[in-house]
Amino acid sequence: MDRLDAMRLFVSAVEDGSLAAAGRRHGHSPAAVTRAITMLERDAGETLLLRSTRRLRLTPLGERHLATYAAVLAAMEEIGPDAPAQAVRGTVTLTAPELFGRRAVMPLLDAFLDAHPDVRARVVLRNRLVNLVEEGLDLAVRLAPLRDTSLKAVRVGEVRTLICAAPRYLRARGTPATPADLAQHACIGLNAAGDAELWSFATLTGAARRQQSVRITPRLGVDNAAAAIEAAQRGLGIVRARSYQVADAIADGRLHRLLRQHEGAPSPVNLLFPHERAGRRAVRALINHLAPGLRKHLSAVERQIAA
């Protein structure tokens with residue numbers, strides 16, 4: 001087995017979570033996968049992947065090797081045996097928050113794949129911050145302030161956290177005038193246990209904006225944002241949601257935007273990627289495609305919620 005094959009099995013084992021799954025993907029036995037990883041570790045002079053019967057875990061050196069192996073394999077795939085000099089080909093991998101990914105990213109990715117038939121894509125939709133290097137991904141759509149300064153960023157817009165309720169609920173229970181009024185209202189929380197939550201607001205005092213947190217005891221708790229928003233539209237209570245999640249419902253009157261003067265600062269939306277990944281034509285082409293598309297989408301969201 002050559003080194004490229006070993007690298008391919010290593011990356012697959014990490015992605016699939018087991019040696020057996022990596023072997024099945026590439027037509028090798030688990031023993032052959034073990035030998036391939038052992039060969040890479042022998043060359044590295046250190047353990048790269050901690051193996052047990054239940055899980056695989058990368059060592060710190062293994063995380064660095066994973067990123068290198070993934071980049072090498074992607075570059076080899078992009079070059080191909082007969083690729084024209086400027087061909088866009090190979091595999092691109094990206095991650096985004098689940099609902100934003102479905103609504104904003106996936107339609108743009110569909111169009112990108114239609115335009116580039118030699119490109120394959122792998123998408124990870126997760127409502128958590130994904131480590132691009134550790135998980136071998138090319139690109140992330142991040143809806144939060146930037147923390148990892150080792151990554152390159154392309155700003156595409158911003159999202160807001162809004163408080164909303166259906167007209168039916170407001171007719172029955174009235175409209176809260178201040179964040180403190182929420183204690184007297186039925187609220188919908190984003191936790192299935194129904195535990196109390198702290199909702200943050202900003203109150204303008206003179207020229208200064210003061211942060212304020214209100215403790216909410218949900219009448220209904222769910223662990224899915226789409227389900228929480230749907231419950232709010234049925235009139236079950238007041239919901240806290242991101243602007244892109246409720247823009248359509250606000251625009252057509254199914255939800256009303258509340259406590260607007262107490263909203264906090266919006267969160268930036270960025271495309272994040274390791275610097276070395278942007279050198280690949282497929283990744284660079286995807287960034288150039290996603291950036292204007294997401295800017296257009298987020299600008300439309302701003303117009304909808306302002307109506």
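This is a predicted model: local features need pLDDT of at least 70, side-chain atom pairs count only at pLDDT 80 or more; totals for chains, interfaces and linings use all residues.
**Strand 5 and its neighbours**

Strand 5 (139-143) is mostly covered, with 5 of its 5 residues buried. Leu139, Val141 and Leu143 point one way from the strand, while Ala140 and Arg142 point the other way. Strand 5 has a parallel pairing with strand 3, made over 2 bridges. In this region Thr95 stands opposite Ala140 of strand 5. Strand 5 also pairs with strand 14 (residues 267-274), here in the antiparallel sense and over 4 bridges. Val141 stands opposite Leu271, which belongs to strand 14.

Another part of the model holds an open sheet formed by 5 strands, in the order 11-8-12-7-13 and with mixed pairing. Strand 11 (220-221) and strand 13 (256-258) are at its edges; each has a single partner strand, so one side of each is left without a neighbour in the sheet. Strand 8 and strand 12 are joined by 2 bridges in the parallel sense. Cys187 stands opposite Ile238, a residue of strand 12.

**The largest pocket**

The largest pocket has a volume of about 690 Å³. Its lining is made up of 30 residues, and those nearest the centre of the pocket are Pro97, Asn127, Arg242, Tyr244 and Gln245. Several elements give two or more residues to this lining, among them strand 3 (90-96), strand 9 (197-205), helix 7 (225-233) and strand 12 (238-242). Helix 5 and helix 8 are also on that list. The element that gives the most is strand 5, with 4 residues. By class, the lining of the largest pocket has 16 nonpolar, 6 polar and 8 charged residues.

**Aromatic pairs**

The structure holds 2 aromatic pairs. The table gives the distance between ring centres and the angle between planes for each.

| Pair | Centre distance | Plane angle and type |
|---|---|---|
| Phe10 and Tyr69 | 5.3 Å | 90°, edge-to-face |
| Phe100 and Tyr244 | 4.9 Å | 80°, edge-to-face |

Planes over 60 degrees apart count as edge-to-face. With planes at 90°, the rings of Phe10 and Tyr69 are therefore an edge-to-face pair. This pair links distant parts of the chain: Phe10 is in helix 1 (residues 3-16) and Tyr69 is in helix 4 (residues 60-79), 59 residues apart. Phe10 has a relative accessibility of 0% and so counts as buried. Tyr69, at 3% relative accessibility, counts as buried too.

The planes of Phe100 and Tyr244 are at 80°, so this pair is edge-to-face. Phe100 lies in helix 5 (residues 98-115) and Tyr244 in helix 8 (residues 243-251), so the pair links parts of the chain that are distant, 144 residues apart. Both Phe100 and Tyr244 are buried.

**Helix 9**

Helix 9 (residues 281-306) has 26 residues. From its first C-alpha to its last it reaches 38 Å, close to the 38 Å expected at 1.5 Å a residue. Which residues of helix 9 are buried? They are Ala282, Val283, Ala285, Leu286, Ile287, Leu290, Ala291, Gly293, Leu294, Leu298, Val301 and Ile305.

Definitions and conventions
Residues are numbered from 1 along each chain as its sequence is written. Side-chain values use heavy atoms; hydrogens and water are left out. The expected span of a helix is 1.5 Å times one less than its number of residues. Buried means under 20% relative accessible area, exposed over 50%, partly exposed in between (1.4 Å probe, protein chains only). Rings of Phe, Tyr and Trp (its six-membered ring) pair if their centres lie within 6.5 Å; planes under 30 degrees apart count as stacked, over 60 as edge-to-face and the rest as tilted. On a 1 Å grid over the protein atoms alone, a cavity is a set of points where a 1.4 Å probe fits but cannot get out, and a pocket is an open set with protein on both sides within 12 Å along at least five of seven lines; lining residues have an atom within 4 Å of a point. Grid points are joined across faces, edges and corners, and a volume is the space filled by probe spheres set on the points. Ala, Val, Leu, Ile, Met, Phe, Trp, Tyr, Cys and Pro count as nonpolar, Asp, Glu, Lys and Arg as charged, and the others, Gly among them, as polar. Two strands pair if DSSP finds at least two bridges between them.
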